[in-house]
Amino acid sequence: MIYTCPMHLEIRQDDPGDCPKCGMALESVETGGSESSELRDMTKRFWVGAVLTLPVFILGMAHVAIWLQFLLTFPVVGWAGWPLLRRGWRSLQTLHLNMFTLIAMGVGAAFLFSTVAMIFLPRAPIYFEAAAVITVLVLLGQVLELRARSQTGSAIKALLNLAPPTARQVAPDGDHEVPLAHVKVGDWLRVVPGDKVPVDGVVVEGHSSVKESMITGEPLPVEKTIGDPVTGGTLNGSGSFILRAERVGSDTLLGQIVKMVAEARASRAPIQGLADKVSEIFVPLVLVVALLTFILWLWLPKEPQLGAALINAVAVLIIACPCALGLATPMSIMVGVGRGAQEGVLVKNAEALERLEKVDTLVFDKTGTLTEGKPKLTDVLSIGGVDQKELLRLCASLEQSSEHPLAAAIVKGAKEKEIGLSAVRDFRAVAGGGVLGAISDHTVMIGKTEFLRSERVTGLEPLEASAIKLQETGKTVIFVAIDGKPAGLLAVADPIKATTAEAIRDLHTLGLKLTMLTGDNQHSAATVARHLRLDELEAEVSPPRKASYIKKLRSKGRRVAMAGDGINDAPALSEADVGIAMGSGTDVAMQSAGVTLIHGDLGGIAKAIHLSRATMQNIRQNLFFAFIYNAIGIPVAAGVLYPFFGLLLNPMIAGAAMTFSSVSVIGNALRLRKIKL
């Protein structure tokens, strides 16, 4: 397991521990949150420190029993606060000055000064109660912070819990329950009623209905029979079946989702650069301010001068802790990415989330994005004496070798008519054009008219006239030539998804300009665009031209997101400011995209944009809280209000304020768990 620092994500190691830069406890990349042992240790130290500090505080306020104060404060600072002192000392050794540098110096200065004064300076002020209370308050902040940080990983932990811990392995001597980690590709596993499907696989025996809502978002169970794929983490219904394991461990869809979310949580948003630059100079600057505060108060006529100088310098050190500034961005990213995963919106990295907020133009493919991506053969038209059944046989035989959704519809249409298919020789596919090959004694070409004409097929005009009528009803028309002569056409209908119209309205409400970019013909594409009231349409666009079109939009100053699901969409997804892949599409598209919609639903884009806007607003709020807190707190701690109002900031109050600032930033980030997408 890999551990990283929530403030310095470049720190990665195999074991838990402290960050060498800021001293914070490292947390798991996969599940988020630090080790529970860290929380238990800090909680124990806090309670022991609190019990010992209470009498110190009472005695300190009464200015009595100084030696007893020392004896009680020593274990508070030396044992309960030891992790704070250790991290502070390490920061000085490595010259990575951080929040623990300031805490250790502040607490250490108050305790050591009080000890020296107790022994050698009987009339000097004593600040044991300040050292003890500050230590306990910082420990309280650590406990609250560790608890809150553990909640930032709640979404990814819920994903991990979808997979069952064991599986029922089918063996010649009967079923054996084995740990999920021991399942290998090719194993046969039995899934009984009410069980979770352990891994991705294919049903080889039995049948059942499987609830896939946790993966696909579809509420209704899906019937599964022999040959059907099943996904790990889904819930079996009342039937029983045996599956053959196809993908196990991190290779399953659930494993890939967890990995993507974990990587996104550990990525850096560009806006974090501002906090990083400030943090680099912040601690050295605070040390200088504390030193100047000490020197200035030595010159002022407030008695006792040395005590006032020390206590104000300590207040500056404590209140200026930069923890809130460092946590402002990563906490929001962690919670936001996890919240998106719960809704089926997988963000590849924090940069994609930040870019998505600024998008003003959304471009999407038609097939599989706006439509169901499951086209059905509706019409077969032949000319020149070619038999319709023979035309469909030749076309379906050729399309067996193609991965295009339209090809699958043609093959399925032939099988439904119980037409036998033949072998193909010399198959060739032209991206965005069509396919051709030899079947029996015939050369068959299928595709667009431009493709057929490029292959020297003439006389297509009568077919084009017939095609227009079909295209005006929203159907996609494919032209066929046999032995170099026009032979007919096939029409395929791909219905618009039931959720698309509502999603388009939501996206318009968000102020986006919507463009459909498709390789389909102008007539059928225009029908879909009019029905959905899209802003712009570009039809008959080849895959290379899709990327060029995106590039042209960006050159005009538009911030472009591209949504697609096919291999041919990958270049355009990479060219866009943010690529959005439909989870129902290909792995290539998902790898090229910054955001993946697991549910394959266009409505997920509106959710993703809501998520990005809410997360970035949350980050800005956190940065504002952190900056304004230090901008006000440091001057007040240094004593800037004393000449006007006679007010000074007690270091104990500074410690409470520092704790509150860190916890408030984390608490604000946790609000993202409740946002409505």
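How many residues lie between S18 and S19 in their hairpin, and which residue in the turn has a positive phi? Two residues separate S18 from S19, and the turn residue with a positive phi, of about 55°, is Asp483.

The model is predicted: local features need pLDDT of at least 70, side-chain atom pairs count only at pLDDT 80 or more, and totals for chains, interfaces and linings use all residues. Residues are numbered from 1 along each chain as its sequence is written, and side-chain values use heavy atoms, with hydrogens and water left out.

**View 1. The open sheet containing strand S19.** Strands here are DSSP runs of E with at least two residues, helices are runs of H or I with at least four, and both are numbered from the N terminus. Six strands form an open sheet in the order S14-S19-S18-S17-S16-S15, with antiparallel pairing. Its edge strands, S14 and S15 (425-430), each pair on one side only. From one strand to the next, the twist averages 15°, where axes are lines fitted to C-alpha atoms (for helices over the stretch in contact) and angles run from 0 to 180 degrees between N-to-C directions.

**View 2. Strand S19 and its two neighbours.** Two strands pair if DSSP finds at least two bridges between them. S14 (residues 376-382) is joined to S19 by six bridges, and S18 (residues 476-482) is joined to S19 by seven; both pairs run antiparallel. Ala491 of S19 stands opposite Asp379 and is also the bridge partner of Val477. Gly488 in S19 stands opposite Val480. Strand S19 (residues 485-493) is largely enclosed by the rest of the structure, because seven of its nine residues are buried, that is, under 20% relative accessible area, with exposed meaning over 50% and partly exposed in between (1.4 Å probe, protein chains only).

**View 3. Pro75 in helix H2.** Pro75 belongs to helix H2 (residues 66-80). With 28% relative accessibility, Pro75 counts as partly exposed. Leaving aside residues up to four places away in sequence, Pro75 touches Leu52 and Ala80, contact meaning heavy atoms within 4.5 Å. A distance of 9.3 Å separates the C-alpha atoms of Pro75 and Ala132, which are 57 residues apart along the chain.

View 4. The side chain of Thr234 reaches the backbone oxygen of Thr231 at 2.6 Å.

Notes:
A polar contact is a pair of N or O atoms within 3.5 Å; within protein, one must be able to donate a hydrogen and the other to accept it, and residues adjacent in sequence count only if both atoms are side-chain atoms.
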